Amino acid sequence: MRLAFHRKPLSERLKDAGCPGEFVYDPAEGRNIVRMPDGQALTPGEAADLYNIDVL
């Protein structure tokens with residue numbers, strides 16, 4: 001028997017948790033960030049910590 005575990009991407013899990021920010025690519029940083037409505041830029045890990053989401 002084979003079991004498969006499919007996990008939603010972090011961007012979807014953040015939205016499901018109520019995170020109002022959007023997942024965008026920041027060319028200056030060279031990585032994805034979560035841009036909050038107030039202009040604050042968080043790393044995906046920081047946003048996950050803020051909304052109590054497991055990253056791994």
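## Legends to close-up views of a predicted model

**View 1. Whole chain.** Buried residues account for 25% of the 56 residues in the chain. The model is predicted. Two helices and three strands make up the secondary structure of the chain, and read from the N terminus the order of the elements is α-β-β-β-α. The chain is more spread out than a compact globule, because its radius of gyration is 13 Å, well over the 10 Å that the globule rule gives for 56 residues. Along the principal axes, the C-alpha atoms fill a box of roughly 50 × 25 × 15 Å. The accessible surface of the chain is about 4400 Å², and carbon and sulfur atoms hold 51% of that surface. Of the contacts between residues at least 6 apart in sequence, 29% join residues at least 24 apart.

View 2. The largest cavity holds about 50 Å³ of space. Rolling a probe the size of a water molecule over the atoms shows where empty space is left. Eight names make up the lining of the largest cavity: Ser11, Leu14, Lys15, Cys19, Gly21, Glu22, Phe23 and Val34. By residue class, the lining of the largest cavity has four nonpolar, two polar and two charged members. Helix H1, residues 10-16, and strand E1, residues 22-26, each supply at least two residues of this lining. H1 gives the most, with three residues.

View 3. Ser11 lies in helix H1 and is one of the residues lining the largest cavity. Its relative accessible area is 25%, so Ser11 counts as partly exposed. Glu22, also among the lining residues, is 11 residues from Ser11 along the chain. The C-alpha atoms of Ser11 and Glu22 are separated by 8.0 Å.

**View 4. Ala17 in the loop between H1 and E1.** Ala17 is placed in the loop that runs between H1 and E1. With a relative accessible area of 37%, Ala17 is partly exposed. Which residues is Ala17 in contact with, leaving aside its neighbours within four places in sequence? They are Tyr51 and Ile53. Ala48 is 31 residues from Ala17 in sequence, and the C-alpha to C-alpha distance between Ala17 and Ala48 is 9.3 Å.

**View 5. Gly45 in helix H2.** Helix H2 covers residues 44-50, and Gly45 is found in it. Gly45 has a relative accessibility of 30% and therefore counts as partly exposed. Arg7 and Gly45 are 38 residues apart along the chain, with 16 Å between their C-alpha atoms.

**View 6. Asn52 in the segment after H2.** Asn52 is in the segment that comes after H2. What is the phi of Asn52? Phi is positive, at about 55°, although Asn52 is not a glycine. Most residues other than glycine have a negative phi. Asn52 is exposed, because its relative accessible area is 71%.

Conventions:
Residues numbered from 1 in each chain as written. Predicted model: local features only at pLDDT ≥ 70, side-chain atom pairs only at ≥ 80, totals over all residues. Heavy atoms only, no water. 1 Å grid on protein atoms, 1.4 Å probe; cavity = no way out; pocket = protein on both sides within 12 Å on 5 of 7 lines; lining within 4 Å. Points joined across faces, edges and corners; volume = space filled by probe spheres on them. Helix = DSSP H or I, 4+ residues; strand = E, 2+ residues; numbered from the N terminus. Nonpolar A, V, L, I, M, F, W, Y, C, P; charged D, E, K, R; others polar. Rg over C-alpha atoms; globule rule 2.2 N^0.38 Å. Buried < 20%, exposed > 50% of the residue type's maximum accessible area, 1.4 Å probe, protein only. Contact = heavy atoms within 4.5 Å. Areas by Shrake-Rupley, 256 points an atom, 1.4 Å probe, with all protein chains shown as cover.
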